[in-house]
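Let's take a walk through this protein together. Keep the sequence and the 3D view open as you read.

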Amino acid sequence: MLRGLTPTGQLCLACGLCCDGTLFDGVQLERGDSARKLTALGLPVVTYRGHAPVSRFPQPCAALCADRTCRLYADRPKQCRTFECKLFKQTVAGEIELAAALRLATKTRRLGDKARRLLRRLGDHEDEMSLGERFHRMDDRLRADPSDPAKLALFADLSLVIHRLKLLAHERFYTRAEKTSLAE
Ligand code: SF4
Ligand code: SF4
């Protein structure tokens, strides 16, 4: 979520995994973020009332452009300004070369794309939902109706892809106790 013309900015522009619904289901607003302003800017912010009201908007983010830039870069909320994935931190620290980081981001994106293709073949075309939500929903559906062997075979392939994606996400992207899309 950190963009710019720096080498690590190049990495984010080639990646976008923390905005496109692969790593996260949504973005939670924090103190100082204006739900009203972000809504006016086109983000579908929903506020959940309770002891401590929580406002969030879903991913894939409505502000993510096709070229992986953020349409609301100057106005993006705090979580977007401050989140740095493990790969980003390692690249900044010089622990991994930019070329290797770019390869890893590309490999992870391809796995996400493969998972989305498999979901479409299973009849799920809801590209506006996060990958994790779509996977868990498909899991529930097929547990409720396991009558189609072809679908079960496709789902086995999908599960394998999601498993590989989870491993990569936990090893190379998530930093600590984030609320992730690819949780168990
Ligand atoms: S997941 Fe990391 S490298 Fe990718 S866009 Fe987000 S901060 Fe940048
Ligand atoms: S507002 Fe921008 S930085 Fe934040 S999730 Fe959306 S596209 Fe990413």
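We'll look at a loop, a ligand and a pair of helices.

What you see is a predicted model, where local features need pLDDT of at least 70, side-chain atom pairs count only at pLDDT 80 or more, and totals for chains, interfaces and linings use all residues. Residues are numbered from 1 along each chain as its sequence is written, chains are lettered from A and ligands numbered from 1 in the order in which they are written, and side-chain values use heavy atoms, with hydrogens and water left out.

Start with the loop between β3 (54–58) and α3 (78–82), where P60 sits; helices (H or I, at least four residues) and strands (E, at least two) are DSSP runs, numbered from the N terminus. Q59 and P60 are joined by a cis peptide bond, with omega about 10 degrees. R68 is in the loop between β3 and α3 too, and its phi is positive, near 70 degrees, though R68 isn't a glycine.

Now for ligand 2. It has 9 residues around it, and C19, C61, L64, C70 and C80 are the closest (a residue is near a molecule if one of its heavy atoms lies within 4 Å of it).

Finally, find helix α5 (residues 98–121) and helix α7 (residues 149–173). Their axes, which are lines fitted to C-alpha atoms over the stretch in contact, come within 9 Å and cross at roughly 155 degrees. Angles run from 0 to 180 degrees between N-to-C directions, and those over 145 count as roughly antiparallel. So α5 and α7 are roughly antiparallel to each other.

Technical notes: Angles under 35 degrees count as roughly parallel, over 145 as roughly antiparallel, 65 to 115 as roughly perpendicular and the rest as oblique.
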